[in-house]
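This report describes the fold, the nonpolar cores and the aromatic pairs of the structure shown below.

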Amino acid sequence: SAQVLTMCRRLMECLPFVRDGDARNGCRLASGSAVVRARRPRSSLESGILLIAADDCRLQFSGRVVIGESCARFDWPATRFVFSTTASRVAVRMDAGRNYFNVVVNGRRVAVLKGSQGVMDYWIDACPVGAPRAVVEFQKRTEARISTPLQAFFGGVTKPVMLHGVLVENGDLVDTPAAPMRSIEFIGDSETAGFGNCGPSEPGTPGWKACFTMNPADQDAFQAWPACVAEKLQADLSIIAWSGMGVLWNAPMGGCTTRHTMIDVYGHVVACEADAPGDRRESPGVSTLDAWIPDIIVLYIGGNDWYSFSEAREGELSAACRELLLRIRSLRPQATILVLCASGESFCACMGSREEQMRFAADMERCWRRAVAEASDARIHLETVLPSPIIDVTDPSDWGQMAHWSAQGHAKWARAAIPLVAKHAGWPVPMPASCL
């Protein structure tokens, strides 16, 4: 039956594999795919193969990473690493922590990799015949802790990535093109992390069926609105986002995979270490929290707090929003901070009616305006985002899994956010600003 086939497919998705997938809901997929072969590391290197350690300066990281002597660790969504090589074949040696990655060669996505738990070598052809070099990029699609319901039952959630190095065959690494001069840090929840943006269209209020059919394979942080904004503004990006997380209150009924809120986790280079015992929270190695300094920090968070919101608790939430702003300022003293609020006209995740959307937008804007005013910081700003055309609950192509925006919905939001971010960063607005 169809149900049996679906269950078999979900079981197969617990195994390591490389997939290209089908285009749906505006997701941009490669027209072809490369073959990525995974195998366990051998005890000794074969002739002609070099192992380049993860702390080699020719590997370029974007996002929050802890670089130690034995490996580089990271888990926030949209973290990526890039290298240039003259080798005909390369492999990434890492414990991928069950995460999904876009594999990009010379600016083109050639495969989507589902990583395994445990150290593996992921081999891919790099330089095309006759090409002097290739630029290879691994982009982490998934967030810090996410899984299918079946994987969650067996403890199979995503975990931090541990990159041990890069193997090159008949070649070497060379200097990687410089990263963009501009940089943006985005802070948020599922809408910022890209939850379900490549999944089936499920607009409105999510039901129980959607909860049991969600799949981390259908999340791609690089097709979420922050990546689009950064690309159009020619900026490097870091995404600090966790589905179900709030400023003060997380989503109820187990809707978040951690008990911590954004106030707790914002300062962590490795997100999941917020849940570690106190004596294990400090990460050995060189942290990029101080090395990677954003020009502007963009916040869009509060949707999960709204489930616990009431008029009587408005002051409590406003105070928590102010606390988060002050926490960010203490760690990022030089950055401009921009708070984005939703409009009542354009639908956000899990909103089933126009009335509900308008109440949500009004409640959150009041809280954030009060928090910004009480922070008394001339470099903290607030703007309302109104996509045109709006993200519409009646348009199936605007929606992905569990009533979250599809890639098209994210592109609409990004197109409206681009001029606002550019304005407060002091950058020119690109023309056109479209992400579609």
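Of the 436 residues of the protein, 58% count as buried, where buried means under 20% relative accessible area, exposed over 50% and partly exposed in between (1.4 Å probe, protein chains only). The model is predicted: local features need pLDDT of at least 70 and side-chain atom pairs count only at pLDDT 80 or more, whereas totals for chains, interfaces and linings use all residues. Residues are numbered from 1 along each chain as its sequence is written, and side-chain values use heavy atoms, with hydrogens and water left out.

The protein contains 10 helices and 20 strands; helices (H or I, at least four residues) and strands (E, at least two) are DSSP runs, numbered from the N terminus. Among contacts (heavy atoms within 4.5 Å) with a separation of 6 or more, 77% join residues 24 or more positions apart.

**Nonpolar cores**

A nonpolar core is a set of buried Ala, Val, Leu, Ile, Met, Phe, Trp, Tyr and Cys residues joined through side-chain atoms within 4.5 Å. The largest has 79 residues, and Ile 184, Trp 225, Val 229, Leu 325 and Trp 368 have the most contacts inside it. Helix α10 (residues 407-425) gives the most to this core, with 8 residues. Apart from this core lies another, of 34 residues, among them Ile 52, Val 90, Leu 163 and Leu 173. Not counting residues up to four places away in sequence, Leu 325 touches several residues, including Leu 299, Ile 337, Trp 368 and Ile 380.

**Aromatic pairs**

The structure holds 12 aromatic pairs. Rings of Phe, Tyr and Trp (its six-membered ring) pair if their centres lie within 6.5 Å; planes under 30 degrees apart count as stacked, over 60 as edge-to-face and the rest as tilted. Two of the pairs are listed here.

| Pair | Centre distance | Plane angle | Class |
|---|---|---|---|
| Phe 101 and Phe 138 | 6.5 Å | 65° | edge-to-face |
| Phe 186 and Trp 225 | 5.3 Å | 85° | edge-to-face |

Phe 101 in strand β9 (residues 100-105) and Phe 138 in strand β12 (residues 134-140) are 37 residues apart, and their pair links distant parts of the chain.

Phe 186 lies in strand β15 (residues 182-188) and Trp 225 in helix α5 (residues 225-232), so their pair ties together parts that are 39 residues apart in sequence. Phe 186 and Trp 225 are both buried.
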